[in-house]
Amino acid sequence: MYVSKRISNAYFVCERRPTLTSATETCPHNFAEMLPTEMSLKIFSELDIDSLCSALLTCKLWHHIIEDSDHLWRNHCLTVRAFCQQEIDGDRQYGLSWKVTLVRNYRRGFLKSEWLRGRYSNIHSADELLDRNMCSLDVETWGEILEAELER
């Protein structure tokens, strides 16, 4: 038995093969493989970091497209750079890729932005931070956080 499926103004004919556990459809053509790489890159460039990482794990094709395209990570890295400029500039001067630079600095940038926004302003002891996702921060970062706290 064959069934037609419409996906984005294109019709795909899929063969329906029943299995022992359930009746499922299997497509002989993977639409992701039929999509030009440039189109995939355009779609991936619209994703946030979490979604991009999820897409990276979806299939081998997407993994290769995302891994091989440094510019997909660049925009996200530049966003984190707003909070970790010195670290990101240092990593880039050292020759690290945008993806590696982002992975190294994403959590640090997120944590720094949370501190600067005052999320941890009412912490009274280190014990209150134990269940939080913390990482090391440099002296300049702590100076910025202290200045922000003093202005509050």
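Helices here are DSSP runs of H or I with at least four residues, numbered from the N terminus. The views below come from a predicted model.

**View 1. Helix α8 from end to end.** Helix α8 covers residues 139-151, which makes 13 residues. From its first C-alpha to its last, α8 reaches 19 Å, close to the 18 Å expected at 1.5 Å a residue.

View 2. Which residues of α8 are buried? They are T141, I145 and A148. Seen down the axis of α8, these buried residues fall within an arc of 60°, so they line one face of the helix. An α-helix has 3.6 residues a turn, so residues three or four places apart point the same way. On the other side of α8, the exposed residues are V139, L146, E147, L150 and E151.

**View 3**

**View 4. The largest pocket and its lining.** The largest pocket holds about 150 Å³ of space. Its lining consists of I49, T79, V80, F83, Y106, G109, F110, S113 and R117. By class, five of the lining residues are nonpolar, three are polar and one is charged.

**View 5. The helices that line the largest pocket.** Both α5 (70-81) and α7 supply at least two residues each to the lining of the largest pocket. Which helix gives the most to this lining? Helix α7 does, with five residues.

Note on methods:
Residues numbered from 1 in each chain as written. Predicted model: local features only at pLDDT ≥ 70, side-chain atom pairs only at ≥ 80, totals over all residues. Heavy atoms only, no water. Expected span 1.5 Å × (residues − 1). Buried < 20%, exposed > 50% of the residue type's maximum accessible area, 1.4 Å probe, protein only. Arc of directions from axis to C-beta. 1 Å grid on protein atoms, 1.4 Å probe; cavity = no way out; pocket = protein on both sides within 12 Å on 5 of 7 lines; lining within 4 Å. Points joined across faces, edges and corners; volume = space filled by probe spheres on them. Nonpolar A, V, L, I, M, F, W, Y, C, P; charged D, E, K, R; others polar.
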